[in-house]
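Below is what I am looking at, followed by my entries.

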Amino acid sequence: VKMRARTWLLGGLLLVLVVGFETVRKKGSKNKKSSKPGNSGGLKKTGKKASPSTKSKTREKKTSPRKSSAKSYIRDGTFTYELEHSIEAGEFTKRGSVTIKLSRSSKNKGDVSISEFEFDKETTAKFKDLISEHKYYRLRLTKPGNASTSPMASVKACALEMSNFLEAFTFNMDPLGNIIAFDYLTPVVTCATPKIRVSEGTKFKSKGRVAIGKEGVRPDLTKLILAEKKGPPPKSFLQKYWIYILIAVVVLFSAGG
């Protein structure tokens with residue numbers, strides 16, 4: 001009985017020593033972090049305490065993501081595209097050109113100029129067939145020297161005719177002057193009973209605008225880079241020597257038995 005009591009007492013003392021040593025080690029590491037030279041509580045030695053508002057502003061500056069406006073990265077220049085239309089099945093012919101001038105100082109981000117097109121006898125007859133057959137009038141943009149990218153759009157031919165050939169373009173561009181896509185709209189959308197009024201000499205009434213996407217928010221990779229440099233956190237005393245403590249306890253219990 002005395003032997004068992006002595007064994008339990010030694011085991012308890014060993015555990016108390018281990019826990020006490022671990023507690024002292026953690027407190028020591030905290031004191032080292034807080035007593036770094038030139039840093040007192042995270043503040044410089046200026047003799048003044050930072051107000052809560054100052055701390056919050058400093059934290060916001062560090063954590064706030066970088067923002068940039070679209071104007072800051074727009075490329076200045078003039079860009080010309082060929083405008084083609086289809087008034088027959090599967091065939092595109094040249095209608096004119098679209099010239100877009102981008103400028104950082106421009107409030108509307110770009111000036112659009114669309115060349116005029118006048119219906120001749122042949123085009124008028126083909127367009128009348130589109131209206132009578134309730135087909136679509138299609139447009140395509142091509143860049144000279146780069147035929148791989150050709151955005152397209154279409155409207156009902158009768159809707160365009162009912163709108164008195166008033167058309168509105170929105171050119172969606174990137175900052176380098178490349179048209180990714182474009183919207184093509186007319187005031188009239190539906191036309192149940194179209195009235196064919198197109199004739200020779202008819203002209204399109206075109207309006208155009210530019211839409212440029214804004215630069216996305218860039219992620220803050222500083223914390224990830226610092227975490228990779230620091231590496232994994234150091235192991236505690238119990239994590240390092242738990243196997244030896246377990247062996248010691250087993251030996252004590254065996255001796256007591």
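Where is the place of Ser154? I find Ser154 in strand 5. Before going on, I note that this is a predicted model, where local features need pLDDT of at least 70, side-chain atom pairs count only at pLDDT 80 or more, and totals for chains, interfaces and linings use all residues. Residues are numbered from 1 along each chain as its sequence is written, and side-chain values use heavy atoms, with hydrogens and water left out. Helices (H or I, at least four residues) and strands (E, at least two) are DSSP runs, numbered from the N terminus.

**Entry: Ser154.** Buried means under 20% here, exposed over 50%, and partly exposed in between (1.4 Å probe, protein chains only). Apart from neighbours within four places in sequence, Ser154 is in contact with Tyr136, Tyr137, Arg138 and Tyr184; contact means heavy atoms within 4.5 Å. I also checked Lys135: it sits 19 residues from Ser154 in sequence and 10.0 Å away in space, C-alpha to C-alpha.

Entry: I traced 5 strands in the order 3-2-1-4-5, with antiparallel pairing. Strand 3 (110-114) and strand 5 (152-156) are at the edges with a single partner strand each, so one side of each has no neighbour in the sheet. On average, neighbouring strands of this sheet are turned by 25° against each other, direction ignored. Strands pair if DSSP finds at least two bridges between them.

Strand 1 (residues 77-88) and strand 2 (residues 91-102) are antiparallel and share 10 bridges. I picked out one partner: Thr78 is bridged to Lys101 in strand 2.

Entry: Helix 3 (residues 121-132) lies across strand 1 and strand 4 (136-142), at about 70° to strand 1. Axes are lines fitted to C-alpha atoms, for helices over the stretch in contact, and angles run from 0 to 180 degrees between N-to-C directions.

**Entry: the hairpin.** Strand 6 (residues 166-173) and strand 7 (residues 179-185) run antiparallel, joined by 6 bridges. There are 5 residues between them in this hairpin, and Gly177 in the turn has a positive phi of about 95°. I see Phe169 opposite Tyr184 in strand 7.

**Entry: Tyr241.** I placed Tyr241 in helix 6 (residues 237-256). Tyr241 is partly exposed, with a relative accessible area of 37%.
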